Amino acid sequence: MGVNAKENSVDELVAAIAVGDRLAFDTLYRRLERPLYRFLILKLNDPHRSSDVLHDVFLEVWRSAAAFRGQSKAQTWIFAIAWRKAMEVHRKGERVTYQESLPDQIDESPDAATALSAAEDATAVRACLKGLSEEHRMVLELTFFEEMSYPDIGAVMGIPEGTVKSRVYHAKQLMLRCLSAKGAVRGSGRNG
Amino acid sequence: MGNDVQREIEELLPFYLNGSLSGDEHARVEAALKANEGLRQQLEFLSAISGAVRSDDPASAAPGDLGLARLRRDIGRQQPGRSALRSVAALAAAFILGVGVMALWPSLDRGPEDAIYEQASGPVAKGALIVAFRPGATAEQISTLLLSVDGVIVDGPSAIGLYRVDLPEGADAGTVVGRLLAAGEIVESAQKAE
């Protein structure tokens, strides 16, 4: 397959790479470099390590494209490679720093109205996002930035679909709790 | 709406928002949203989270073109579906065969290029350069040298020990020939293919 249009799907690009099409490889790199890097840096929190793993991911795509049998979308397959390689880095203890997590205890009845009001403040939302655990942040990232379905996220992260849904649900509850607290603080500040 | 159903719908809301639900699930969430103000508020809240996720861009430090150049260099050493080890082994095997043939090289009395470069097995392959390596050059030396110019052996050795080497698109073949010839302890001859 010749690759000369940016409209080629990731599946088509991988099929072309499988027969040695370097132009398809370049196109795939330009298509997925930033999403994959973004995904990796959220996991590893280290720009240099993320660049190295990104390199390894694309090399594996080049080497393994011919063996890809289409059991999933090609993009899901590639993100799963990235996830696996990032986990290998974790297992080797090479992760440099760790982000703090919000408490796992979830208030089931946060003040939704206060949280919704606080959510209008993008800075507050970003601050709460940064406070999430890596696992919660990753599922939100794949859901809202990559716009993946929950079965695809499950395939990438190697977890059941039900776990994906409940993890996103808990991430949302944690955000509600965080923003509710921020909203309450802002409200008391205005009143005082 | 029972608690279990409410929870089920709430779990689907993020995927309703990103447009990835199946038709049936989408219809169920849509119906629930029409009937429940609380769910509509949650959708609004999720939309704010989605916007924040999208506006944060840690990928600005991604390696970009430099990363692609590094990949091109590395994949030049292997074919898709082959491990690097197999590629190195193939290069070494080709080199050993080439050395054997080079020992029989009668002279460098060049005739017409077509006569020299024609493969015994059939039509000539593509390749920007025609290169002959010194009999004493090691596979490691050859590999390192070719890597330094982003060159890839695409065919050879020919019956008289010549290799065809491809270069990246846009590379200046004349400059590369100069760099190869400068490595006189490794390269016996190098020239642009016609």
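**Reading the sheet, the core and the contact**

Trainee: Which residue in strand 3 of chain B is the bridge partner of Leu129(B)?

Mentor: Leu129(B) has Val165(B) as its bridge partner in strand 3 of chain B. This is a predicted model, in which local features need pLDDT of at least 70 and side-chain atom pairs count only at pLDDT 80 or more, while totals for chains, interfaces and linings use all residues. Residues are numbered from 1 along each chain as its sequence is written, and chains are lettered from A and ligands numbered from 1 in the order in which they are written. Strands (E, at least two residues) and helices (H or I, at least four) are DSSP runs, numbered from the N terminus.

Trainee: What order do the four strands of the open sheet have?

Mentor: In general, strands of a sheet pair through backbone hydrogen bonds, either parallel or antiparallel. Here two strands pair if DSSP finds at least two bridges between them. The open sheet in chain B has the order 2-3-1-4, with antiparallel pairing. Strand 2 (152-155) and strand 4 (187-192) of chain B stand at the edges with a single partner strand each, so one side of each is left without a neighbour in the sheet. From one strand to the next, the twist averages 35°, where axes are lines fitted to C-alpha atoms, for helices over the stretch in contact, and angles run from 0 to 180 degrees between N-to-C directions.

Trainee: How many bridges join strand 1 of chain B to strand 4 of chain B?

Mentor: Five bridges join strand 1 (residues 129-133) to strand 4 in chain B, and Phe133(B) has its bridge partner, Val187(B), in strand 4. Three bridges join strand 1 to strand 3 of chain B, and three join strand 2 to strand 3 of chain B, where Ile153(B) stands opposite Val165(B). Helix 8 (residues 173-182) of chain B lies across strand 1 and strand 4, running at about 175° to strand 4 of chain B.

Trainee: Which residues of strand 3 of chain B are buried on one side and on the other?

Mentor: In a regular strand the side chains alternate between the two faces of the sheet. A residue is buried if 20 or more other C-beta atoms, placed from the backbone, lie within 10 Å of its own. In strand 3 (residues 163-166) of chain B, Tyr163(B) and Val165(B) are buried on one side, and Arg164(B) and Asp166(B) are buried on the other.

Trainee: Which residues have the most contacts inside the largest nonpolar core?

Mentor: Nonpolar side chains tend to be buried together in soluble globular proteins. A nonpolar core is a set of buried Ala, Val, Leu, Ile, Met, Phe, Trp, Tyr and Cys residues joined through C-beta atoms within 7 Å. The largest one has 76 residues, and those with the most contacts inside it are Ile17(A), Leu40(A), Ala82(A), Val125(A), Leu179(A) and Ile49(B). Helix 2 of chain A gives the most to this core, with 12 residues. A second, separate core of 20 residues includes Ile130(B), Phe133(B), Leu167(B) and Ala190(B).

Trainee: How many residues does the contact take from chain A and from chain B?

Mentor: Two residues are in contact if their C-beta atoms, placed from the backbone, lie within 7 Å. The contact takes 47 residues from chain A and 37 residues from chain B. Helix 2 of chain A, with nine residues, gives the most to the side of chain A that touches chain B. Chain A itself comes to nine helices and zero strands, and buried residues make up 43% of its 192 residues.

Key:
A residue is buried if 20 or more other C-beta atoms lie within 10 Å of its own, exposed if 12 or fewer, and partly exposed in between; C-beta atoms are placed from the backbone.
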